[in-house]
Amino acid sequence: MEAIRKQATKLREQVARQQQAVFKQFGGGGYGGSDNVITDEAELHQHQKLERLYISTRAGKHFQRDIVRGVEGYIVTGSKQVEIGAKLSEDSRKYGSENTCTSGNTLSKAAVNYGRARAQMEKEHGNLLKALGTQVAEPLRAMVMGAPLEDARHLAQRYDRMRQEAEAQAIEVSKRQAKVRETPGNPELAMKLESAEAKLHDLKSNMAILGKEAASAMAAVESQQQRLTLQRLIAMVEAERTYHQRVLQILDQLESEMISERQRIEAAPIPSVESPMPPPPAYEEVNGVYASQTNNGSTDGMGYFLGEVVHPYQAESDVELTLSVGDYVVIRKVTNNGWAEGECKGKAGWFPFGYVERRDRVLASKMAEVF
């Protein structure tokens with residue numbers, strides 16, 4: 001019988017060890033532990049709360065670290081872009097100040113203005129990178145590496161180790177109780193059982209105190225994580241928004257300057273007449289072809305050529321020719337008093353020579369409109 005009892009005790013111990021291994025493998029999550037051996041409801045709730053806090057703060061820490069890495073990468077690439085933009089600004093201003101174009105200084109002005117605007121934009125870009133570093137990356141990095149998070153996690157890990165110790169002690173108490181039941185009246189076994197139960201009680205008391213302390217610390221860290229990360233995200237959005245608003249203002253001003261200069265160039269002044277022009281010469285039809293003479297009977301020797309109308313002209317008599325901007329005219333005569341004679345869209349007549357500009361090359365489609 002004694003041999004049978006020893007064998008049964010051995011089997012119970014083996015089953016208990018197997019149960020403990022299974023509980024540890026499937027009963028916990030996050031940072032370990034079991035919900036099955038220690039059955040106190042308050043302690044179980046505390047354990048589950050700590051487990052959720054551990055998972056939450058770990059995810060928050062990883063998100064903060066991802067933001068820091070992203071911002072640091074943005075700063076590295078942004079610094080290179082600022083360097084390239086500064087070089088472009090300097091090249092533009094250098095061209096604008098040294099350009100010796102003989103046909104005007106319009107491009108020089110545009111280059112100087114662009115160089116100035118580019119320098120302002122790169123300065124704003126540099127300010128953005130600085131703000132991202134000091135207002136976003138540094139505070140988050142400090143919290144990721146900071147003591148409060150590590151201290152709270154250490155408390156949670158100490159609680160987990162104590163809980164595992166209590167689970168092992170609970171198994172030990174169960175074994176002692178089984179031996180006492182098998183051998184009733186044995187004072188040594190009863191004393192060992194009492195000692196094991198007292199140790200388990202102390203472990204549970206200490207575990208409850210440590211659990212509350214760890215949960216409080218982890219909850220404080222979680223709250224700080226959430227608040228600080230949100231604040232840094234808002235700061236990042238505000239910094240980028242301010243940067244883009246200032247760049248837009250710079251670009252609006254630059255575009256306005258460039259368009260104004262272009263319009264000034266394209267809008268050539270309408271020819272001014274200090275004194276009234278004499279009337280155009282009269283036409284005399286000779287052999288079906290219009291011929292004309294100037295008031296003093298002379299013309300220049302330019303010969304036929306093409307001209308493009310750059311200012312509209314409304315004919316005031318039958319011998320004059322109405323012109324629209326963009327029309328092409330075959331100019332056959334130019335007088336010394338400012339009149340020209342030519343043909344446009346099948347009609348011939350006189351018009352002020354200052355309203356057209358000579359063209360050496362014209363598209364074939366435009367030539368068809370002349371006759």
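Residues count as buried under 20% relative accessible area, as exposed over 50%, and as partly exposed in between. The close-ups below show a predicted model.

**View 1. The F305–F353 aromatic pair.** F353 has a relative accessibility of 26%, so this residue counts as partly exposed. R358 lies over the face of F305, at 4.5 Å from the ring centre.

**View 2. The Y313–Y355 aromatic pair.** A search of the whole structure finds two aromatic pairs. Y313 and Y355 form an edge-to-face pair, with 5.7 Å between centres and 70 degrees between the planes. Y313 is in the loop between β3 and β4 (328–334), and Y355 is in the loop between β6 and β7, so the pair ties together parts 42 residues apart in sequence. Y313 counts as buried at 11% relative accessibility, and Y355 is buried at 17%.

**View 3. The R359–E308 salt bridge.** The closest N and O atoms of R359 and E308 are 2.7 Å apart. This pair links distant parts of the chain, with R359 in strand β7 and E308 in strand β3, 51 residues apart. R359 counts as partly exposed at 25% relative accessibility, whereas E308 counts as buried at 19%.

**View 4. The R246–E124 salt bridge.** R246 and E124 form a salt bridge, with 3.3 Å between the closest N and O atoms. R246 lies in helix α5 and E124 in helix α3 (residues 106–144), so the bridge ties together parts 122 residues apart in sequence. R246 is partly exposed at 39% relative accessibility, and E124 is buried at 17%.

View 5. E172 and R176 both lie in helix α4, four residues apart, about one turn of the helix. Their closest N and O atoms are 2.9 Å apart. E172, K175 and R176 are linked in a network of salt bridges. E172 is partly exposed, with a relative accessible area of 23%.

**View 6. The largest nonpolar core.** This core has 22 residues, and L50 and M218 have the most contacts inside it. Helices α2 (41–98), α4 (147–182) and α5 (187–266) each supply at least two of its residues. The most come from α5, which gives ten. Beyond its neighbours within four places in sequence, M218 is in contact with L50, L53, Y54, T57, A152 and R153.

Methods: Residues are numbered from 1 along each chain as its sequence is written. This is a predicted model: local features need pLDDT of at least 70, side-chain atom pairs count only at pLDDT 80 or more; totals for chains, interfaces and linings use all residues. Side-chain values use heavy atoms; hydrogens and water are left out. Rings of Phe, Tyr and Trp (its six-membered ring) pair if their centres lie within 6.5 Å; planes under 30 degrees apart count as stacked, over 60 as edge-to-face and the rest as tilted. Buried means under 20% relative accessible area, exposed over 50%, partly exposed in between (1.4 Å probe, protein chains only). A charge sits over a ring if NZ of Lys or CZ of Arg is within 6 Å of the ring centre and within 35 degrees of the ring normal. A nonpolar core is a set of buried Ala, Val, Leu, Ile, Met, Phe, Trp, Tyr and Cys residues joined through side-chain atoms within 4.5 Å. Contact means heavy atoms within 4.5 Å. A salt bridge is a side-chain nitrogen of Lys or Arg within 4 Å of a carboxyl oxygen of Asp or Glu.
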